[in-house]
Amino acid sequence: MESLKDLNLKPVYRTGKDDLYNHFYKKSLSVSTSYDRAVGYFSSQILAMSLKGLSKLILSHGVMRLIIGHPLSNEEFEAVKHGFTLKEVISNLSEKLQKILLSDENSHPRLELLSWLIANGNIEIKFALRRAGMYHEKIGIFRDSEGNTVVFQGSANETPHGMIASLNAESISVYKSWETEIFKAYGQEFIDGFEKLWSNEEDEVVTLDVPSGTYEKITESTRVSNIDYNNIINFEDEIQSRERSLNTQLPFIPNKIGSNEFSIYQHQRDALASWKSNNFKGILKLATGSGKTITSIYGAVKIYGAKKEKEQQLFLIVAVPYVELAIQWIENLRLFGINAHECFDSKGSWAESFQNQVNYFKAGVSDFCSAVVVNRTLTSPFFQSLINSIDSSSLMIIGDECHNHGSKNVNSALPDAYYRIGLSATPFRSDDDEIESPFPNDAKERLLSYYGDIVATYGLDDAIHDGVLTPYKYHIIPVYLSAEEQEGYEDLSSRITKIMLKQQGSGLNQQDRENLTRYCGQRSRLLGSAQNKLEKLAELTAQTSDEEKSHTLFYAGEGKPYGETVEEDIKVIDQVSKVLNKNGWKTSQFTGSVSRNERKLLMSAFKDKTIDALVAMKVLDEGIDVPACKTAYILASTKNPRQYVQRRGRILRKSKNKHLSTIFDFVVLPTNESPASKKLKLSEAERINDFALLAVNKLEIEKLIEEHGLSYDFT
């Protein structure tokens, strides 16, 4: 067997001149019995690239020690160093490692090998945390059975296109133990440094072990029997083949999605045709659940195909309001062969990889690239610098829930893309939306200026009629304010009216604006937490059979009940959960504080009926798919049509064995006929009318409205 000494290794390797992988990594690994590696970034790409050729090492029963970096602020570093947040940091990093290795959504073919090596005890991983940044040193150490050692150090991060000379040059220096003088002066220092790092003895760096429980979970989830230990070279060859296939995969229109034949609906074709005729700009006002996402991806793939025929490039950016929606986009894009960059979570997990891809794109190495970015990251200087460097004729943006792009901050950060699609069932803010803002704004003008006009409209009535969404039954649950609540409502309404009248006259000062926002919020909270809602809820849910309980959503009011003191910690959502649990319901709260992994588990439990219901506030309002839901109890709703239109669309999504949805709407009613009370009745009647017009039990609702003095023109 060859040794490291027999490989004739060069003292320096540089991309463009040398093939770092084949001429150095692969050769060295093939004769090594151990491999130590310290790299700067914690991502699936870096983990995968660090495993190139590792199968040769394992055939000789070798072992690998891997140190991967993670960024910390000064404050976080001090907290970890003194043990204050040590457990939390380890837990978070372990969760991230498990996600990378075990989640099908983020899998890289070579990571299968890494999971297998962990399961067989051939690899050990540690995390290196550095003050004011991240551990960024790149050290590698090979050892063979004859005691020879090779140390390499340099800038090479083993990126997929590391051999492309037109991009940033990478280089490594190589130190060989048989070249005694040079090795003693340089190589030994890196070995000593790695050992100090591994033993957590390095200054200004904290090195953490991966918990044994994490290894156990990876082992349990890895089917070791699928890989022949004695034929692992073939497995590496298979991985390389599959990786080449993935790297050459370009956007396409799938023949099937899941087990179903794929074709877009006529309303989706019409929407894209209108968008095209408007010079590839416009807002698609399509009902929630009617396929806005698929429509826009289909359009992007078609644009890519047309540009490819002309030997042109396309860079696709999908901008969304929050992470949960971003994850759904990543999944949907994969259905069309698009592996988008995940530009969310910590910057260290995506920044270097994304920057590389932008460079490859600009250098003409790739003709297609895509990224899914949350609005907060979209506005960051780093992201802005990258997308602003791309030629606008190659840029396409899809703005999901684009009504969020009317804000001055986000709107100014939108790229100068030639192709622009805005998606929203309710693009413009209602004038009556007292929760989002009680003040006039020019968000609508900014949206229209950027995306262009609404070029396609497809409402809930169209979607239900065409069988795109399920029909539904609508039940009004009248809830009257208590005497105390009625008094509070009148008082708050009076204060709001006085300030609004002042606005029409001399205008508002800062104190007036703060008071107006506070009073509007208090009045909204009063309506959302009306005490009689809980009594009605208890009455209704006590009568529900076990079979009828499954796949139910409860929308609760935000914050604490109106009138509760600051010291009392109970929230409206907790009150709702308490009522349901008392009546034998198995529920879980679905809120912004629930971690991403927990949400995934909750959705799975909801779908397979392990739990009966999800109790939410606003987190399910925009974009998150819950197609299995067949029943919804709306205990709180603003006057803004956006919220209740989106909630209704969410409930009506198609799902297997789901033919009819049911909505219980808790309607808050006043106890007198004052001007404020009449306005409340009117706003509730408007929502009722909107829901009732499309309900299968419309006649029944009309009678109930008459009984409660909520007459409205239903023609």
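Start with Arg-65 and Glu-195: they form a salt bridge, with the closest N and O atoms 2.6 Å apart. Arg-65 sits in strand β3, residues 63-71, and Glu-195 in helix α7, residues 180-198, so the pair ties together parts that are 130 residues apart in sequence. By salt bridge I mean a side-chain nitrogen of Lys or Arg within 4 Å of a carboxyl oxygen of Asp or Glu.

Before going on, the ground rules. This is a predicted model, so local features need pLDDT of at least 70 and side-chain atom pairs count only at pLDDT 80 or more, while totals for chains, interfaces and linings use all residues. Residues are numbered from 1 along each chain as its sequence is written, and side-chain values use heavy atoms, with hydrogens and water left out.

Is Arg-65 buried or exposed? Buried, at 19% relative accessibility. Glu-195 is partly exposed, at 28%. The cut-offs: buried is under 20% relative accessible area, exposed is over 50%, partly exposed is in between, with a 1.4 Å probe and protein chains only. The pair also belongs to a network of salt bridges that links Asp-36, Arg-65, Arg-143 and Glu-195.

The whole structure has 16 salt bridges. Another one joins Glu-547 to Lys-609, at 3.7 Å from N to O. Glu-547 is in helix α22, residues 546-549, and Lys-609 is in the loop between α24 and β21, so this pair ties together parts 62 residues apart in sequence. Glu-547 is exposed at 54%; Lys-609 is partly exposed at 40%.

Now the sheet. What is the strand order? The sheet is open, has 6 strands, and runs β18-β23-β22-β19-β21-β20 with parallel pairing. At the edges are β18 (472-480) and β20 (587-590), each pairing on one side only. Helices (H or I, at least four residues) and strands (E, at least two) are DSSP runs, numbered from the N terminus. Two strands pair if DSSP finds at least two bridges between them.

Look at β19, residues 552-555: 4 bridges join this strand to β21, residues 613-616, in parallel. Tyr-555 has Ala-616 as its bridge partner in β21.

Finally, the helices. Helix α21, residues 531-542, lies across β18, β19, β22 and β23, at about 135° to β18. Helix α26, residues 675-692, lies across β18, β22 and β23, at about 170° to β23. Contact here means heavy atoms within 4.5 Å. Axes are lines fitted to C-alpha atoms, for helices over the stretch in contact, and angles run from 0 to 180 degrees between N-to-C directions.
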